[in-house]
Amino acid sequence: MHDFKAIAKEVLELEAKELLGAAALIGNEMREATELIANIKGKLIITGVGKSGLIGAKIAATLASTGTSSFFLHPTEALHGDLGMIGKEDAVLAISYSGESEELIKILPHIKRFDIPLIGMAKTKNSSLGRYSDIFLPLHVEKEACPLDAAPTCSTTLTLALGDALAVCLMKKRNFQKEDFASFHPGGSLGKRLFVKVKDLMQTQNLPIVTQNTKLKEAIVAMSEGRLGNVLIVDEEQKLLAILSDGDLRRALMREDFSMDTIAYAYATKNPKKLDDATLLASDALALIETYKIQLLAITDKVGRLEGVLHIHDVVEAGIK
């Protein structure tokens, strides 16, 4: 019987060891690559074959989402017409652990013919890719995690990690902030936290609104039809006076003087929590809702006229955290 727990642990420890070993050997080439990419006017095209190509596609995606215009181009496609996608203001990052991948090596003379800067990632500088490269990022791996020392494991992990290191260096170089990241990911959780405002989520139509003289039985009908579990009580100028919640209603039922013919305002929460700035980030409004331990936040203008409501369910369903 194989001890798969021990095998998995050994693989992770070996890959971690290889990463630490490579980290100790990082030299000026990372600074040179960062400076080159940061200063190009065009794009960074990443290319590679097989597992290196898969890792290259991920590196391109990471760079593109962190402020570096980048995309992946397969060498075979480049040979059959797509080489024209590489412009004179671009740079190329080519990845091949052996440095001898046939499809990749075939396009290198054409890249150099147009004097396009080439950053190479390979095991040794003496490889074909290493010799063509203007800047060379070595992949120092002593042993693959594969028991046959054949399938790319440690080497692909290191390649991926070097790509991450390059992306982070470029982020530091450009002073790339979380607002910048969110602008590249408007649909992601960070993008939503930084861009979605209260006005984008608040409800403004068919609100359960009653006046201060409305009787409780009529307010309960409005509460049921409004489907918010609350009734908003306003004056003649539409200024918010109070909110009657289902909790207020339950507490009212326990009172000895309870009557359905009493005005709803008598049982409602006066001076309820409200917000007079609909441009506030929804994430900040959610923080207020959680702090106040309420479900509904009334939105008013600067003089207190009701404009809408923000329900905690609307915020959560929008993916705001």
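Where does Asn 271 lie? Select it and have a look: Asn 271 sits in the loop between β9 (269–270) and β10 (274–275). Keep in mind as you go that this is a predicted model.

**Stop 1**

Now select Asn 206. You'll find Asn 206 in the loop between α10 (198–201) and β6 (209–211). Here too phi is positive in a residue other than glycine, with a value near 55 degrees. Asn 206 has a relative accessible area of 74%, so it is exposed.

**Stop 2: the largest nonpolar core**

Next, head for the largest nonpolar core, which has 29 residues. Start by selecting Leu 44, Ile 46, Leu 93 and Ile 119, the members that touch the most other members. Then colour the elements that give two or more residues to this core: the helices α1 (4–24), α2 (29–39), α3 (50–65) and α7 (154–174), along with the strands β1 (44–48), β3 (91–95), β4 (118–122) and β5 (135–138). Which element gives the largest share of this core? That's α7, with six residues.

Zoom in on Leu 44 and show what surrounds it. Setting aside neighbours within four places in sequence, Leu 44 is in contact with Ile 37, Leu 63, Thr 68, Ser 69, Ser 70, Phe 71, Ala 91, Val 92 and Leu 93.

There is another core, apart from the one holding Leu 44. This other core has 19 residues, and you can pick out Ile 45, Ala 94, Ile 111 and Leu 129 among them.

**Stop 3: where α1 meets α7**

When two helices pack, we describe them by the angle between their axes and the distance between the axes. For α1 and α7, the angle is about 50 degrees and the axes are 10 Å apart. That angle makes α1 oblique to α7. The crossing of α1 past α7 is right-handed.

On α1, select Leu 14, Glu 15, Glu 18, Leu 19 and Ala 22. On α7, select Cys 154, Thr 157, Leu 158 and Ala 161. How many residues of each class are in the contact of α1 with α7? Colour by class and you'll see six nonpolar, one polar and two charged residues.

Key. Residues numbered from 1 in each chain as written. Predicted model: local features only at pLDDT ≥ 70, side-chain atom pairs only at ≥ 80, totals over all residues. Heavy atoms only, no water. Core = buried A, V, L, I, M, F, W, Y, C linked by side-chain atoms within 4.5 Å. Buried < 20%, exposed > 50% of the residue type's maximum accessible area, 1.4 Å probe, protein only. Helix = DSSP H or I, 4+ residues; strand = E, 2+ residues; numbered from the N terminus. Contact = heavy atoms within 4.5 Å. Axes fitted to C-alpha atoms, helices over the stretch in contact; angles between N-to-C directions. Parallel < 35°, antiparallel > 145°, perpendicular 65-115°, else oblique. Left-handed = near helix turned anticlockwise from the far one by under 90°. Nonpolar A, V, L, I, M, F, W, Y, C, P; charged D, E, K, R; others polar.
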